[in-house]
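Please read the following note alongside the sequence and the model. Its numbered points move from the whole chain to particular side chains.

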Amino acid sequence: MVNEGLVPCGEEEMKRRNAIDKLKKIVVEWVKTVTYQRGLPKKYLKFASGTILTYGSYGLGVYNSESDIDALCVGPYFATIAEDFFIVLHNMLASRPEVSEIHCVKDAKVPLMRFKFDGISIDLPYARLKVISIPEVFQAVLRCIKLWAKRRGVYANLLGFFGGIHLAVLSAFICQRHPSASLSALILLLFKTFALWPWPTPVILQDQIARPFIPTHDKVSWMPIQLPCSPYEFCHSNITRSTFYKIRTEFLRGHMLTKDMLSPDFDWNILFEPFPYARKYGLFVKIFLSACDKDELGDWVGWVKSRFRCLLVKLEELLGFCDPNPTEYVDTDASEPNVIFYWGLPTGRADLTNADLVEEYFLKSIDHGLNQVSTGTMKLSIVKAYQLPKKADQLIAPERKNSKPCWRVVDGNRKKTPAQPKYKPHCAESAGDYLPTNENPEFPSAGG
């Protein structure tokens, strides 16, 4: 493949990226020029913008060294294709030293400009949106919401919370309806929208599609979020009554915080504070998983996590509520490789739970279809908040792509050494160093 030129080198990739970046800057300058020429209000000069979106082989990442770039020029409603695109933008491009062989293809089914930019062939059609500005904020919104969800303990699909696809659709939903809003405004609008959303009304990106009926017994009915690729398919969801309550409460918290965004003492850090589990719950169910070696531990933990919803639903039946903390801990004092979970329980209700019976029930669920998976051991127990790990060090492998932080429970008198199991626990803040408080078991708080 390399010999045939099917795999572009790093230099070729950088050249194409630079060409797209330069083209984006030209398009922004073009929109502001058109804004001025049309005599629009001066405030439009500040906000008016356009952008370039790539598609085709380059957009899919399957181009080779000889491929052209299919790029879509996206502009505001007042920039016309006949005058502004084919005349004004054409002249701006033709005057650039990087541009050569430029010509307009006006009579094609998809009218476009075709030219070479730094020697790279580019096909550039045009699309107008009914907005003044075309800001790139979707990715920034999604990054912020993912950070918030991880910090607040609502980002773990297997444990009944959001997965990446859920947050991507929710972010796109807000950006689609407020295309000219700033990043800060979009974050505020996202929390306001979904804190007050009339669940289980589905979240649907395409306005023209009728909202299908969602039966109440279906597990997606708590927070149905429709996939954009099909009118009648929804994101797979493990959300339960408890996790729905936790997510809803966190949306409300985010809304209450961000509505004061313009206040001089507003602090973004408060929004992203880690959820204080040990301050909110006095009791926890401890799930201790171990295996004979690190490789088998990874398989074992992955299998057990795929069955976590059964355990969560059982605990809800017994206690009415359970908050499954996604953080994974490692007990370095144990003789075998292990991972530990601590799930928050309503204070004063542990007497209703027989840990041995719950463990027996969950083991039956785990055993179903276990033939192809390396087995390990599991132990459930009820612990109090003061028994949670008091110290946890965040250990990150340096300069390694896609690496995840590893958490270890560390004795203060022992030397801190990095753990390097094949199975990498997810990063989150320590649940330790908080004091337990008495919570209302009927309505446990989702955090302050």
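1. Helices (H or I, at least four residues) and strands (E, at least two) are DSSP runs, numbered from the N terminus. By this rule the chain has 13 helices and 11 strands.

2. This is a predicted model, in which local features need pLDDT of at least 70 and side-chain atom pairs count only at pLDDT 80 or more, while totals for chains, interfaces and linings use all residues. Residues are numbered from 1 along each chain as its sequence is written, and side-chain values use heavy atoms, with hydrogens and water left out.

3. Of the 448 residues, 47% count as buried (under 20% relative accessible area, with a 1.4 Å probe and protein chains only).

4. A nonpolar core is a set of buried Ala, Val, Leu, Ile, Met, Phe, Trp, Tyr and Cys residues joined through side-chain atoms within 4.5 Å. The largest such core has 65 residues, and Trp148, Phe194, Phe251, Ile287 and Trp343 touch the most other members. Apart from it lies another core, of 32 residues, including Ala48 and Phe78.

5. Phe194 and Phe251 form a tilted aromatic pair, 5.9 Å centre to centre with 40° between the planes (ring centres of Phe, Tyr or Trp, the last by its six-membered ring, lie within 6.5 Å; planes under 30 degrees apart are stacked, over 60 edge-to-face, the rest tilted). Phe194 belongs to helix H7 (residues 183-195) and Phe251 to helix H8 (residues 241-258), 57 residues apart. Phe194 is buried at 0% relative accessible area, and Phe251 is buried at 1%.

Notes. Buried means under 20% relative accessible area, exposed over 50%, partly exposed in between (1.4 Å probe, protein chains only).
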